[in-house]
Amino acid sequence: MTIHSKGFRHREPKIRIRLATWPLISMSDDELIWRVSGGSGDGIDSTSQNFAKALMRSGLDVFTHRHYPSRIRGGHTYVEIRAAADEVQSRGDGYNFLLALGDSFARNPQEEAYYGNEEIKPLSENLDELREGGVIVYDEGLLSEDDVADLDLEERAEENDWHVYPVDLRGLAKEHGREVMRNTAGVGITAGLLDMELEHIEDLMSGAMGGDILEANLEILHEAYEMVDEEFETTHDLRVPTGEHDTEQALLSGSNAIAYGAIDGGCRFIAGYPMTPWTDVFTILSQNFPDIGGVSEQVEDEIAAAALAVGASHAGAKAMSGSSGGGFALMSEPLGLAEMTETPLVLVESMRAGPSTGMPTKPEQGDLEFVLYTSQGDSSRVVFAPGTIEEAYEQTRLAFHIAWEYQIPTIIIYDQKLSGENKNVDVEFFDREPEPGLGTTLTEEELKEAAHDNSGKFERFGYEDNEKNVSKRSLPGQKGGRYLATGNEHSPVGHISEDPDNRVYQMTRRIEKLDSIREELDEEHDSNQTYFGDEDAEYGIITWGSSQGAVVEAVERLNDSGHSVKGISVSDMMPFAEAEVTEFLESVDEAMVVEMNATAQFRGLIQKELGRFGDKMTSLLKYNGNPFEPAEIVEGYEVNVADEDREPSAQVRIEPAAGD
Amino acid sequence: MSAFNAIGEEREIDRDEYTPGVEPQPTWCPGCGDFGVLKSLKQALPEVGKTPEEVLAVTGIGCSGKLNSYLDTYGFHTIHGRSLPVARAAKLANPELEVIAAGGDGDGYGIGGNHFIHTARENHDMTYIVFNNEIFGLTKGQTSPTSPKGHKSKTQPSGSAKSPLRPLSMSLNAGATYVARTAAVNPNQAKEIIKEAIEHDGFAHVDFLTQCPTWNKDARQYVPYVDVQESDDYDFDVSDREEAAQMMRETEDVLNEGTVLTGRYYVDDESPSYTEEKKAVGEMPEQPVAERYFDEDAEWERSYDLLERHT
């Protein structure tokens, strides 16, 4: 087996002035951002998961970002893994190592076909974001010489000081019997080029496979690794960073965290219908429930899914359902029923780019207004928007607590980004007691003391003793607890009533539960809002949900480079974090609201909730299907605030303050 | 020790217990068939030994949806077409409950048709009563999924161009394991069929002909009715799917020609209920989910113990 040189591998390293392919970068040298690209169905995801875990086990903090099409076989996909000694909170800017594996399910190019040459995309689509001095490894067994020549790769490599290593990974894998092992070969080459120990990769492989398959994979891993030393003339400086963890780490996605928050919140019933990206949470719980006494139901549609969760909760289970935008639209009616009947319920909404089918595998924060207000009548619901893996766990737990304490539907709104990205978390973070209580649900003993009408019917929605605006509930099958639940307005025992006084009492009580919840959140819990940056700054950046990581990093950079900026990431959407956001906005002269949608929904919410600050807030919006990178926010700040007279170079939009 | 002591309670049950003190008199029109359903339930429930507080009656929207306003059990008056997903989940959360769902023909065969098919298919151990009056009542007389072809209403001014849906055949095809039709004009048969449906271990579907004298037919138009079990003109085996299908087809064909056939059409006592199936594949705990929350000895698993796969 020989490696065919394409020439540019052997060139002398040169110092060059960078051209404007990626003008926004200010990055540290002690990080690796490894991008592995290929076609859907080529095992990119599992290959990257293991590599990320190996990096984590070696003592590094890792953060992964997935980019994939809505397609099962073929189509350009990549996973990026950012690894550094210190905490990494976002995907970072650009990347510095490309492993292009080729798309084995690529469509054949045709003159009129809009998709062009798919075969070369794992290489060609990724070049624009590769940093100066970056490394490229591509599978010359899958990418044809002519196609590569068409890219002017040699010329671009010279311009950007890229170090290109073509390797026949496919051929190498074939030699060892299985073509799919080209991924392992690629990992071996990567490890070799980065001077990375193979120990953790080997351990992970041994855990995942066995027998002949394991042996063949270990063999090819080593062969590829050693090939770098023996046959390559290397010119790059990039090496794997080193780091150390004080405690054991776990690599988790936002979907894992939501599912685990649900388990620890006592959830043992889930109903759902598959839809990307919500399916992850549904799958994780469905796979765990048989072992922990839970029930999972995949049903005919999302109306049924949410209605099942309502029915299960009504009968005494801590139940949840969820979907992404399109499916959540169908849940509007059961959601309203839960509000009216005061049935505890947790729903999760994993946003993707809309409207309609939109871009199924791309993140967006465009469903905020929808989730806050969908279903007829005035809303009485709680909405939390976690921004990180840890917040996803905490707030899902909290959602179950609030839902059962206050008998109110509670929604976790997150997105494709948080759903699928992996990050390392301290294992001990999860070391806490579960909370399986049913909140303000009475026992039969307690029901004996509770108010009943003259015929013995329980006053489920009575007028007395409604501490925190909550009237205690009973469950079917309990002695002395019978009542009627109905989506109609209803009397204390639940019978249909259109009496104006009763209407006003019940309606007001349901709505004012939100005030009681706000009070509890402010007084009894740590804040769900995250603060960062320079406390005394006069400029603020406000964000919500999964855009948090990139904003945190941008604020750090701005402060490092002499600006004075502070940031807040808001999670309490309803009841809104009124006091905290007011205090933040009062403390700054100007604020930029960063969110992934086209109509500044969160900025609108702030103005609606607070009724002022319209002239203080501008927006930085992005809705091209890709999450923010920190540099884009830094640039947004510079253009926006420093009143620089230029347009941002990234695909974002700046919206001026009201009245500007 | 159960947290739900109304369930399985052994005592004398007076049928008056099922009449709610707060709303003893229904608001249905005089002569409405819905009274027949209410009466047969009030008779059947004590006879099968069910106390009011071990029954959950889940209804949809429409005149029929008021059923649980007038039947003093635990009740859940849900939303249009959605009684079945609410009801079957209650059964999954607490399989010891006696769950009865009810709604109209528009509710169950129209807007909730998808749920009907899937609930029948899954064979949940519950009873589903469809108040079939071949019309939309509460919205004032529009053509419904079971209205005959040519039926004129404000929304079908030239007469419906659609053939009526076949509820019995649909139920059989979907997977219901007990399918019957009864009529408000035949209270004795209705009571017996409701009793059988409640006691059946699986999805029991009762298509209950409830005349709507205000917007559609009055009681006389469902008379004479024929009980296919008692009539010498019909002879078929209710446990035989083929024969049942044929009898259902004939029944549906002749209804709008003035022949009202009623009775049991299909009874499958062999197929396990959904709860049993789910337990068999290991995806349903022995202890009802709802009981566990009250069980002081329960040991709750936590995610901390699941983390090994992530390290």
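This is a predicted model: local features need pLDDT of at least 70, side-chain atom pairs count only at pLDDT 80 or more; totals for chains, interfaces and linings use all residues.
**Entry 1**

I stayed with helix 13 of chain A and asked how much of it is buried. Nine of its ten residues are, so I noted the helix as mostly covered. I wrote the buried ones down: Glu333(A), Pro334(A), Leu335(A), Gly336(A), Leu337(A), Ala338(A), Glu339(A), Met340(A) and Thr341(A). Then I looked for what lies over them. The cover includes helix 11, strand 11, strand 13 and strand 15 of chain A.

**Entry 2: chain A as a whole**

I stepped back to see the chain around that helix. I counted 22 helices and 22 strands in chain A. Its C-alpha trace spans about 95 × 60 × 55 Å along the principal axes. Of the 660 residues, 55% count as buried. I also checked how far along the chain the contacts reach. Among contacts in chain A with a separation of 6 or more, 78% are between residues 24 or more positions apart.

**Entry 3: the seven-stranded sheet**

Next I traced an open sheet of seven strands in chain A. Its order is 9-8-10-11-13-12-19, and its pairing is mixed.

I then went through some of the pairs. Strand 8 and strand 9 of chain A run parallel and are joined by four bridges. In that pair, Gly272(A) stands opposite Gln298(A) of strand 9. Strand 10 (residues 319-323) and strand 11 (residues 345-351) of chain A also run parallel, again with four bridges. There I found Ser321(A) with Leu347(A) as its bridge partner in strand 11.

Helix 11 (residues 302-314) of chain A packs on this sheet. I saw that helix 11 touches strand 8 (269-272), strand 9, strand 10 and strand 11, and that its direction makes about 165 degrees with that of strand 10. Helix 15 (residues 389-406) of chain A lies across strand 11, strand 12 (382-384) and strand 13 (409-415). Helix 15 runs at about 165 degrees to strand 13.

**Entry 4: the six-stranded sheet**

I found another open sheet in chain A, made of six strands in the order 16-18-17-20-21-22, with mixed pairing. Its edge strands are strand 16 (530-533) and strand 22 (653-655), each pairing on one side only. Neighbouring strands of this sheet are turned by 20 degrees on average, direction ignored. Strand 16 and strand 18 (residues 565-570) of chain A run antiparallel, joined by four bridges. In that pair, Gly533(A) stands opposite Lys566(A) of strand 18. Helix 21 (residues 601-610) of chain A packs on the sheet, where it touches strand 17 (539-544), strand 20 (590-595) and strand 21 (617-621). I noted about 130 degrees between the directions of helix 21 and strand 20.

**Entry 5: where chain A meets chain B**

How many residues does each chain bring to the contact? Chain A brings 63 and chain B brings 56. Elements of chain A that each supply at least two residues include strand 7 (249-253), helix 9 (254-264), helix 13 (332-341) and strand 15 (484-486). Helix 11 gives the most to the side of chain A that touches chain B, with eight residues. By class, that side has 32 nonpolar, 18 polar and 13 charged residues.

I was pleased to find strand pairing across the two chains. Strand 15 of chain A and strand 2 (residues 74-77) of chain B run parallel, joined by three bridges. Ala485(A) stands opposite Phe76(B) in strand 2.

**Entry 6: an annotation on chain B**

Last, I looked up a record. An unreviewed UniProt entry annotates residues 61-208 of chain B as "domain: Thiamine pyrophosphate enzyme TPP-binding". In the model, the end C-alpha atoms of residues 61-208 of chain B lie 16 Å apart, and the span is 33% helix and 20% strand.

Technical notes. Residues are numbered from 1 along each chain as its sequence is written. Chains are lettered from A and ligands numbered from 1 in the order in which they are written. Two strands pair if DSSP finds at least two bridges between them. Two residues are in contact if their C-beta atoms, placed from the backbone, lie within 7 Å. Axes are lines fitted to C-alpha atoms, for helices over the stretch in contact, and angles run from 0 to 180 degrees between N-to-C directions. Ala, Val, Leu, Ile, Met, Phe, Trp, Tyr, Cys and Pro count as nonpolar, Asp, Glu, Lys and Arg as charged, and the others, Gly among them, as polar. UniProt positions are given in the numbering used here, feature names are shortened, and annotations may be inferred rather than shown by experiment. A residue is buried if 20 or more other C-beta atoms lie within 10 Å of its own, exposed if 12 or fewer, and partly exposed in between; C-beta atoms are placed from the backbone.
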